[in-house]
Amino acid sequence: MNLVEMLVFVAYFVFMLGIGLYFFFKSKNAGEKDYFLGGRNMGAWVSALSAGASDMSAWVLMGLPASIYAFGIGQAWIAIGLGIGYALSWIFVAPRLRRFSIAAKDSITIPQYLTNRFLSGSKVLQVLCAGIFLVAYTIYAASSIKACGTLFNTVMNIDATVAMYLAAFIIIAYTFLGGFSAVCWTDFFQGLIMLAALLLAPIFALALVGKGEGAVNAQLPEGFFRFFTSPQDIISGLGWGLGYFGMPHIIIRFMSIRSEKELRKSSVIGISWTAVILTMSALTAVAGRLYLGEIADSSTVFITMVRRIFPALVSGLLLSAILSAAMSTADSQLLAASSAFASDVYKPLIRKNASDKEMLWASRLVVAGIAIVALIIASNPNSGTIMGLVENAWGVFGAAFGPVILLSLFWKKMTFGGAVAGIAVGAGVDVLWLVFASGTGIYEIVPGFIAGLLATWIVSALNKAGPGAQVEAMFDSASKSEV
């Protein structure tokens with residue numbers, strides 16, 4: 001155990017908790033809109049880095065470099081797909097979603113938006129969405145908690161399960177206390193740390209390799225730079241980008257931005273940050289191969305490289321990037337799931353007259369509950385890899401919500417029934433493909449997304465009455481407005 005590294009981690013945790021406490025006392029009398037959406041008052045830098053950091057979980061520092069390190073640069077199709085999808089979501093989805101969510105009765109959650117978008121009194125869609133949120137986000141949060149356990153076990157020889165409990169407690173604490181504002185501001189600082197770590201580590205490693213340092217006779221495996229691999233790898237890699245159109249904890253940031261002017265600025269920052277992060281993540285794998293040679297556990301390539309190159313104080317700061325990546329994603333997921341439960345299930349179905357204060361406490365209890373279940377999954381040795389857990393949750397969200405969100409923003413004739421069908425079919429096909437057809441090598445999000453798109457279109461088209469004059473008028477108004 002390195003005492004200096006441990007002290008840096010402790011200082012990092014204290015800082016994160018401090019942000020949560022600050023926003024807890026600042027917003028003691030605030031309502032659910034402030035807790036779940038920051039009062040729609042987020043600035044460009046905070047929104048951009050928060051969206052990026054909540055997206056790029058620990059897999060960008062451990063999962064993706066490990067995959068490229070082990071199987072070659074052909075795995076970079078995942079990064080390419082993500083980069084394209086992220087840019088398209090900022091350019092096409094962000095401005096319209098912000099406008100449409102305001103027009104749809106100032107909706108503060110994705111299920112609420114989809115219901116209000118069609119002026120429906122039915123709660124079917126909200127309950128369906130909340131159910132998918134609770135299941136998928138629990139799996140997604142488990143991957144982040146598992147990454148924290150791997151980090152502490154590798155760096156400090158602390159039992160991985162004990163480390164997971166500690167990380168879960170910190171994440172619960174500042175999300176529980178500060179809500180959306182605390183999550184966004186912690187994500188902002190975590191995004192900066194991730195950027196610094198991924199810029200410094202591979203560049204320093206390659207510089208040392210150039211000087212003749214590093215592993216003796218380290219060589220890249222034959223075919224490592226074979227970029228065009230199998231068609232399945234290329235389709236699946238690019239398919240990852242589809243997830244951005246339906247990832248609630250990311251696109252909710254679009255709804256929180258102060259103005260469209262800030263949104264345009266935020267899009268430039270966000271797209272640039274993500275492009276750099278993904279490029280340097282891939283470069284980390286190449287640098288790790290050349291500097292470290294063969295290592296037993298490819299998921300620790302970033303950790304091992306940083307600890308060998310930098311003194312303890314610097315390595316502690318850079319390794320905090322893994323904590324940043326894991327925690328910035330987990331907190332956003334917990335908040336999105338709790339907001340869906342409180343606003344879309346608890347108040348409309350369980351306690352119709354619940355006050356804002358009661359709603360906030362209900363959501364906080366859900367944060368704790370999901371984190372506990374995620375912790376149980378993460379601590380199970382048979383739960384799978386970090387990348388595997390992320391892949392499963394990402395696929396469900398992208399297939400279920402991506403087609404519906406896109407069509408709700410760009411197709412005037414879409415109906416409420418189409419939205420329900422799209423979400424149910426998209427999620428169903430994704431899960432069935434994972435269980436029965438994963439041997440094809442095609443990532444389940446691709447068939448799930450296509451199925452969801454077709455289901456939404458077919459069910460909407462079969463409804464000869466259409467969505468209704470009021471819904472179409474709201475669509476026209478939101479399409480033209482700028483707020």
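A cavity here is a set of points, on a 1 Å grid over the protein atoms alone, where a 1.4 Å probe fits but cannot get out.

Next, the ground rules. This is a predicted model, where local features need pLDDT of at least 70 and side-chain atom pairs count only at pLDDT 80 or more, while totals for chains, interfaces and linings use all residues. Residues are numbered from 1 along each chain as its sequence is written, and side-chain values use heavy atoms, with hydrogens and water left out.

Which residues line the second largest cavity? They are Ala141, Ile145, Ala168, Ile171, Ile172, Ala330, Leu334 and Ala371, where a lining residue has an atom within 4 Å of a point. Two or more lining residues come from each of α7 (124-156), α8 (160-210) and α13 (312-350); the helices are DSSP runs (H or I, at least four residues), numbered from the N terminus. With 3 residues, α8 gives the most to this lining. By class, the lining has 8 nonpolar residues, no polar and no charged. Nonpolar covers Ala, Val, Leu, Ile, Met, Phe, Trp, Tyr, Cys and Pro; charged covers Asp, Glu, Lys and Arg; the others, Gly among them, are polar.

Axes are lines fitted to C-alpha atoms over the stretch in contact, and angles run from 0 to 180 degrees between N-to-C directions. Helix α11 (residues 260-292) packs on helix α12 (residues 301-309) at an angle of about 55°, with the axes 10 Å apart. That makes α11 oblique to α12, oblique being what remains after under 35 degrees (roughly parallel), over 145 (roughly antiparallel) and 65 to 115 (roughly perpendicular). The crossing of α11 and α12 is left-handed, meaning that the near helix is turned anticlockwise from the far one by less than a right angle; clockwise is right-handed. In the contact (heavy atoms within 4.5 Å), Thr284, Ala287, Gly288, Tyr291 and Leu292 of α11 meet α12 residues including Phe302, Met305 and Arg308. This contact divides into 7 nonpolar, 3 polar and 1 charged.

Helix α4 (residues 63-71) also packs on α11: their axes come within 8 Å and cross at roughly 45°. So α4 is oblique to α11, and this crossing is right-handed. Among the residues in contact are Leu64, Ile68 and Tyr69 of α4, with Thr284, Gly288 and Arg289 of α11.

The last pair is helix α5 (residues 77-103) and helix α9 (residues 231-239), whose axes come within 6 Å and cross at roughly 35°. Their crossing is right-handed. Trp77, Ile78, Ile80, Gly81 and Ile84 of α5 make the contact with Asp233, Ile234, Gly237 and Leu238 of α9.

Methods:
1 Å grid on protein atoms, 1.4 Å probe; cavity = no way out; pocket = protein on both sides within 12 Å on 5 of 7 lines; lining within 4 Å.
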